[in-house]
Structure formats: structure tokens, C-alpha cells
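Subject: A structure for you

Hello,

I am passing a structure on to you, with some notes on what turned up in it. Please have a look at it first and then read on.

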Amino acid sequence: MKPAMIANAPVSRQPAPWRRALKHAFRDAGQLLDYLGIDRHGLELDPASPFPVMVPRPYAERMQRGDPADPLLRQVLPLDAERQEAWGFTADPVGDRCSSRDNGILHKYSGRVLVVTHGACAIHCRYCFRREFPYSDNAAHRDGWHGALDYIAGESGCREVILSGGDPLMLDTSRLRAFTDGLRGIGHVRRLRLHTRMPVVLPQRVDGELTDWLAGLPWPLVVVLHANHPQEFDTGVDAALGRLRDTGALLLNQAVLLAGINDNADTLAGLAERGLAAGILPYYLHLLDRVRGSAHFETDDATAAALMEKLRRTLPGYLVPRLVREQAGAPYKLPVM
Ligand SMILES: *Cc1c(COP(=O)(O)O)cnc(C)c1O
Ligand code: SF4
């Protein structure tokens, strides 16, 4: 071994810089509003929400100071409205409790399995359909990946493995690498996909250790990101996405159609164009999953259809997302129009 390598060997492992950055995330709505210079009176906050506030600083820095209607702030601010019961809004709108296996696998669609890699996220999006799902009890890394890998090995039709969560990038890269090391021995797996919002909300997560791992994988790699508004991009995000693209990954974006945040054609067209500038193509635009506490984010189907019509009239076909609705028991995400 070269002496230089010995000299560089870490003596004790420090937490990665992104973990330290995450420690400084806002966990209190009042502190976030103070930071933004917004008066909390008149906002009808729910300070005791069972789904706590979590907002990394780099994401908060992209919010407009003094604007209580800021589209990024609205995605993370716990409002009283979440307590209102609304007909048809339930704890598990997409049927995940039924299709969940005790190994952290969700197998709903043919040819691909979703691995609930980790239950946690770097940000808590108020509209999230997972806000009530006990994902942490069920994450695949808990048993050293054995249950998930055994399941995938036994499903010869499974050609694609999707690392999702929560957010898979909440796990240390070394643990993710242990999973893909196990996956290498399973010949029928042809593609790997990652569903993550972290490069958008905490761009530091895309560090050298992560890109080394991704660049060394033997399969075509698709990274599906999640941004809902063009304002979620800045130079830090652009740089992180550039590093991801340099690994050879194909970058796609999924967004959720959210009332008061992105339910107008200019915003959605801006999202697609801003995403392209960062090297991402739009994938899905999801109609809101009807999870309890999210009714105030819902748009009606006629509005959604009119928005899609406008997008098609404005954008090249490759920048128009597929509008879909997830329905429990359906064999794929249902196209809406
Ligand atoms: C959304 C989802 C997928 C991926 O579906 P695609 O249409 O391939 O993007 C796979 N498994 C589960 C359980 C899902 O919820
Ligand atoms: S990052 Fe995704 S999974 Fe996590 S809270 Fe937001 S929408 Fe939900």
C-alpha cells in the first residue's frame, strides 16, 4: 500500500458534513418564521402537530423573506387546517399498509420492487402521503438488508429495484453500498432507481462518497428527484445535480400538484424549464394522495386538466409531465389525461 493512503486513512470517523448540516435544520415553525422575518399571528399554525417541522437551512434560504405565502414555506408550514377532517382523506390513501411486507419491500407493480430504505426524510412536506405511515418500523436496512435481498432474489421477474423511503439518502453511503453489493449477486436485476428529495433540499448530501458509489454501480441508474416549484433550484442545487449527472445517472423529476403552490401553468412550465436547465426531465405530476390532513392542498380534476392543456400548448412534449393519480390496488399509476 502506498504511504500516502495510510496517511490519509481516517483515525476516527467524523459524521459526514451533510449530517452536521442536517442537525441545524429548523424543527420549529416559530424559529423558521423569525428567520424569515414573518409575523406568525394570523397564520393559524398548529404548533403541536404530530408530524413535526423539519426544514434544512439550505432550503429555507431559498424562501422569500417576509412572504407568508412563499411557495416553499407553504410546503413545510404546519397549519391548523391539517386538523380538519375531510371526507375521503385517510391515513393510508395508496394502500401501502396492505402491500407492505415485513422486509421493507413494497411490491405493487410488475417488474419493479420498491425498497423502503429508510423511514426518515431531510424535510417534512406537509402534503406527504407517508406522513402517517409507520415506515421507520419497516425499513429494509434494519436487518442488514437480508429480508429485502432474499425477497428480490426470489422474484425472478423483478428487473428494477427502487430505493425509496422516506428518503434513501438519509442512510450513510456505506450502508447503501452494502445493499448494492448484495444486489450484484442477483442476475435478474437490470436497473436501479433512487427516489430522493435530498439533492434538492440539502445539496451537500451529494458528496464524493455518494458519487463514487453511484458511478461504480453496474446497472443503468435513474434518479427521480422531487421539486414542486422553480424557486426550489439555486446554484447549490444545480451543482449537486451536475455531480449526480456526472455519475452517468439519468435525472427525472416528480412533483405533486398543490393548491396555492404550483397550481398554475406558468409555475409548472417554469418548473419544467428550470429543471431542464439543471439537467432533469419531468416525469410524473401527481394528483395529491388523499392523506388525512392534506385536504387544503387539493386541486380539482378540472383545474388539473386545464393546466395540462396549457402546458401542452406551451412546452415541447419532452417537458410535459405525465399527470397521474395513484389508486390503491391499481397495477400502475393511472394517467389522468
Ligand atoms: C410509484 C411506485 C413505483 C414506481 O412506479 P413507476 O410507474 O415505475 O414510476 C413502484 N412501486 C411502488 C410501490 C410505487 O408506489
Ligand atoms: S421528502 Fe418525499 S417522502 Fe419525505 S416528507 Fe417530503 S414528500 Fe414525503
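A word on terms to begin with: a residue is called buried under 20% relative accessible area, exposed over 50%, and partly exposed in between, using a 1.4 Å probe and protein chains only. This is a predicted model, in which local features need pLDDT of at least 70 and side-chain atom pairs count only at pLDDT 80 or more, while totals for chains, interfaces and linings use all residues. Residues are numbered from 1 along each chain as its sequence is written, chains are lettered from A and ligands numbered from 1 in the order in which they are written, and side-chain values use heavy atoms, leaving out hydrogens and water.

Let me start with Arg 205. At 0% relative accessibility, Arg 205 counts as buried. You will find Arg 205 in the loop between α9 (198-201) and α10 (208-215); helices (H or I, at least four residues) and strands (E, at least two) are DSSP runs, numbered from the N terminus. Leaving aside residues up to four places away in sequence, Arg 205 touches Trp 18, Leu 169, Leu 171, Asp 172, Thr 173, Leu 176, Met 198 and Leu 210, where contact means heavy atoms within 4.5 Å.

Now the whole chain. The protein chain holds 13 helices and nine strands, and buried residues make up 55% of its 337 residues. Its radius of gyration is 20 Å, which agrees with the value near 20 Å for a compact globule of 337 residues; the radius is taken over C-alpha atoms, and the globule rule is 2.2 Å times the number of residues to the power 0.38. Of the contacts between residues at least 6 apart in sequence, 82% join residues at least 24 apart.

Rings of Phe, Tyr and Trp (its six-membered ring) pair if their centres lie within 6.5 Å, and planes under 30 degrees apart count as stacked, over 60 as edge-to-face and the rest as tilted. Searching the whole structure gives four aromatic pairs. In one of them, the ring centres of Phe 26 and Tyr 35 are 5.1 Å apart with planes at 45°, so this pair is tilted. Phe 26 is buried, at 2% relative accessible area, whereas Tyr 35 is partly exposed, at 24%. The rings of Tyr 283 and Tyr 284 have centres 4.0 Å apart and planes at 25°, so they are stacked. Tyr 283 is buried at 15%, and Tyr 284 is buried at 14%.

Best wishes
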